[in-house]
Amino acid sequence: MTNPPSILRDACLVVAEIAQAHDGSLGTAHALIDAAAEAGADAVKFQTHIASEESTSREPWRVKFSRQDATRYDYWKRMEFTKEQWRGLKAHAEERGLIFFSSPFSPLAVDWLEELGVPFWKVASGEIANKPLIDRMLRTGKPMLVSTGMCTLEELDACVGRIREAGGEVVVFQCTSEYPCPPERVGLNLLSFYRERYGCPVGLSDHSGEIYPGLAAAWLGASMIEVHITLSKRAFGPDVPASLTPERLRQLAEGVKFMRRMRDSPVDKETAAGRFGDLRAIFYRSLVARSDLKAGTVLTEDMIAVKKPGGGLSPDRLGELIGKRLRRSVPADHPFGESDFAAEEEGDGR
């Protein structure tokens, strides 16, 4: 999985977004990589924050969740890893067979990640109008995964257009910036809208905290399903309510593979029926004698039963048998066949 397909055209990758779930602990970040790998994810995604490059002390809290950080800037500072620590995280992910990538939030973060050799860029929805950051990513020539959570359609058009003008590949992600996101606002209808509008692969960045949107998106042809991961629903952090535990992530990963196999394997009804010849012989029914019948008997409906197994005359021929004369005696439950009946001319000569 360390060599992802070009712009994910023939894939449906399941991404475990670690984001800030590590809460600044390098050990927890590594534990989350192991949990994602063991759950069957294809990739892990982080967020690379360098507080002094992206924020000031005036940045407001989205949700004031932290008792230990006086400001949001302090929180971002606590979330930082060094360039060497990022190198170790990427190496660990690849040792576990995972694609490693991250959302950069400053040009310096882009430089660090580019030095590490990430395969593509994730543009957070809050950065769509950040021209210097996007231009820095574009200069690498790598594919761009664009999240749509907070942006307007006009902003999204401009961002995708900028990427296209630079000759870049793009994947557009449906995303709703609510944590957790209720089902009424997941917006799966936008997958086809973005695919048609931009002529590109699409993905789902899901914040519902459930597996159902990801499964549905896989059926609808999404190239990537991104969900937050947490080691426990009792863990600390702002994204925990919108995250999956490793157990639920495994269900999603298995379900996505199942969905894609179904979707990519259309069934021809006639061919399928032909595969069940043996079962048809067992479960279908035949027209049989209800009791012992003597030669010369003219059949009435009450002399005929419909019983398993199949292989004899089909029940839909019941009307044809009524009034026919038996050429020979037959025992009860005998499956009627064409040779059991006198020919028309024989009957007329009696």
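Nine aromatic pairs are found in a search of the whole structure, where rings of Phe, Tyr and Trp (its six-membered ring) pair if their centres lie within 6.5 Å, with planes under 30 degrees apart counted as stacked, over 60 as edge-to-face and the rest as tilted. The model is predicted: local features need pLDDT of at least 70, side-chain atom pairs count only at pLDDT 80 or more, and totals for chains, interfaces and linings use all residues. Residues are numbered from 1 along each chain as its sequence is written, and side-chain values use heavy atoms, with hydrogens and water left out.

One of the pairs joins F46 and W86, whose ring planes stand at 80 degrees with centres 5.5 Å apart, so the arrangement is edge-to-face. This pair links distant parts of the chain, 40 residues apart: F46 belongs to strand β2 (residues 43–48) and W86 to helix α4 (residues 83–95). Helices (H or I, at least four residues) and strands (E, at least two) are DSSP runs, numbered from the N terminus. F46 and W86 also belong to one aromatic cluster with F81 and F100.

The rings of F336 and F341 form a tilted pair, because their planes lie at 35 degrees, with centres 5.7 Å apart.

The table gives the relative accessible area of these residues; buried means under 20%, exposed over 50% and partly exposed in between (1.4 Å probe, protein chains only).

| Residue | Relative accessible area | Class |
|---|---|---|
| F46 | 0% | buried |
| W86 | 2% | buried |
| F336 | 1% | buried |
| F341 | 5% | buried |

Charges also sit over rings, a term that requires NZ of Lys or CZ of Arg within 6 Å of the ring centre and within 35 degrees of the ring normal. K324 lies over the face of F341, at 6.0 Å from the ring centre, and K122 over that of F173, at 4.7 Å.
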